[in-house]
There are 2 protein chains.
Amino acid sequence: MPFEIHPQLLADCHVLGRVGSCHILLNGHAAVPWMIVVPETKTTDYLDLPAAERETVGEICAAVARFIKSHWQLEKTNFAGLGNVVPQLHLHVIGRKPTDPCWPGPIWGFLPAKTPYTEQEVTDIVAGLQTDLPGFQTD
Amino acid sequence: MPFEIHPQLLADCHVLGRVGSCHILLNGHAAVPWMIVVPETKTTDYLDLPAAERETVGEICAAVARFIKSHWQLEKTNFAGLGNVVPQLHLHVIGRKPTDPCWPGPIWGFLPAKTPYTEQEVTDIVAGLQTDLPGFQTD
């Protein structure tokens, strides 16, 4: 049975592509640069992944963090695996800066009303990933 | 100059001991089992750690997650490196269950008034770590 991204993630995010067996999503809230990495696994907690798999996924998340810092010219990312609402493993990589609407708090539960990305912004992010994220390919 | 744990972490947490160069802290909010891993590094973002160091720290966090699941009989942990308030790198490993006061939301910003641990509870947690967390030693 092919892997399917959880419907709640599909509802909340733009699916941009993949690196290996990790899907790369962009949360639709444009107030903060918020990407989500979804590895094709049945493990639900990041810290329960076998070490080699955790390292592969961690390396992809680290590359996504570098991309976010470069594309949005930021110095800071937050990283989290929560999964209390959507049990499917998904890792949050979120660019932060002192002028974003949630700073210095976390973003979950504190974002203002959703401001969506424009089509052009999403196109530019995908183009950036194709240039700057090693191994990235659109689905 | 010796490494010093950030004063805000010292104010919020019990310092329990260490595994290698990672300090193991217990956040004082007893409403959720919330441990904090503080690696001795100047890097502030988890995803900016060199791969080998990220893997070492990740392995210690994974062992802490196993300990939390075992000690509190839980099936789920949340994992995060935020650091917007306290820039010193510290990793949150938090045991979660559907009956905790923040479920299914994240805990940051949503905890009720602080309920502290008893001295006996802290003693029992340290004893558990000494038995069950590989490499754990009190400072």
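## Polar contacts across the interface

Let's start where chain B meets chain A: 22 residue pairs are in polar contact there, both residues at pLDDT 80 or more. A polar contact is a pair of N or O atoms within 3.5 Å; within protein, one must be able to donate a hydrogen and the other to accept it, and residues adjacent in sequence count only if both atoms are side-chain atoms. On the chain B side, α2, β4 (76-81) and β5 (91-96) each supply at least two of the residues that touch chain A, and α2(B) gives the most, with nine. Those names come from DSSP runs numbered from the N terminus: helices are H or I with at least four residues, and strands are E with at least two. Sorted by class, this side has 16 nonpolar, nine polar and nine charged residues. Here Ala, Val, Leu, Ile, Met, Phe, Trp, Tyr, Cys and Pro count as nonpolar, Asp, Glu, Lys and Arg as charged, and the others, Gly among them, as polar.

Keep in mind that this is a predicted model, where local features need pLDDT of at least 70 and side-chain atom pairs count only at pLDDT 80 or more, while totals for chains, interfaces and linings use all residues. Residues are numbered from 1 along each chain as its sequence is written, chains are lettered from A and ligands numbered from 1 in the order in which they are written, and side-chain values use heavy atoms, leaving out hydrogens and water.

## How much gets covered

Each chain brings 34 residues to the contact (heavy atoms within 4.5 Å). About 2,700 Å² is buried between chain B and chain A, and carbon and sulfur atoms give 50% of that. Buried area is the accessible area (1.4 Å probe) that two parts lose on being put together, summed over both. In chain B, Leu47(B), Phe79(B) and Asn84(B) lose the most area to chain A, together 26% of what that side buries.

Strands meet here too: β4 (residues 76-81) of chain A and β4(B) run antiparallel, joined by three bridges. Two strands pair if DSSP finds at least two bridges between them. Ala80(A) sits opposite Ala80(B).

Side chains of opposite charge can pair when their charged atoms come close.

Lys69(B) is buried at 15% relative accessibility, while Asp48(A) is partly exposed at 37%.

## Inside chain B

Six of the six residues of β3(B) are buried, so this strand is largely enclosed by the rest of the structure. Trp34(B), Ile36(B) and Val38(B) point one way, and Met35(B), Val37(B) and Pro39(B) the other. β3(B) pairs antiparallel with β2 (residues 22-27) over five bridges and with β5(B) over four.

Note on methods
Buried means under 20% relative accessible area, exposed over 50%, partly exposed in between (1.4 Å probe, protein chains only).
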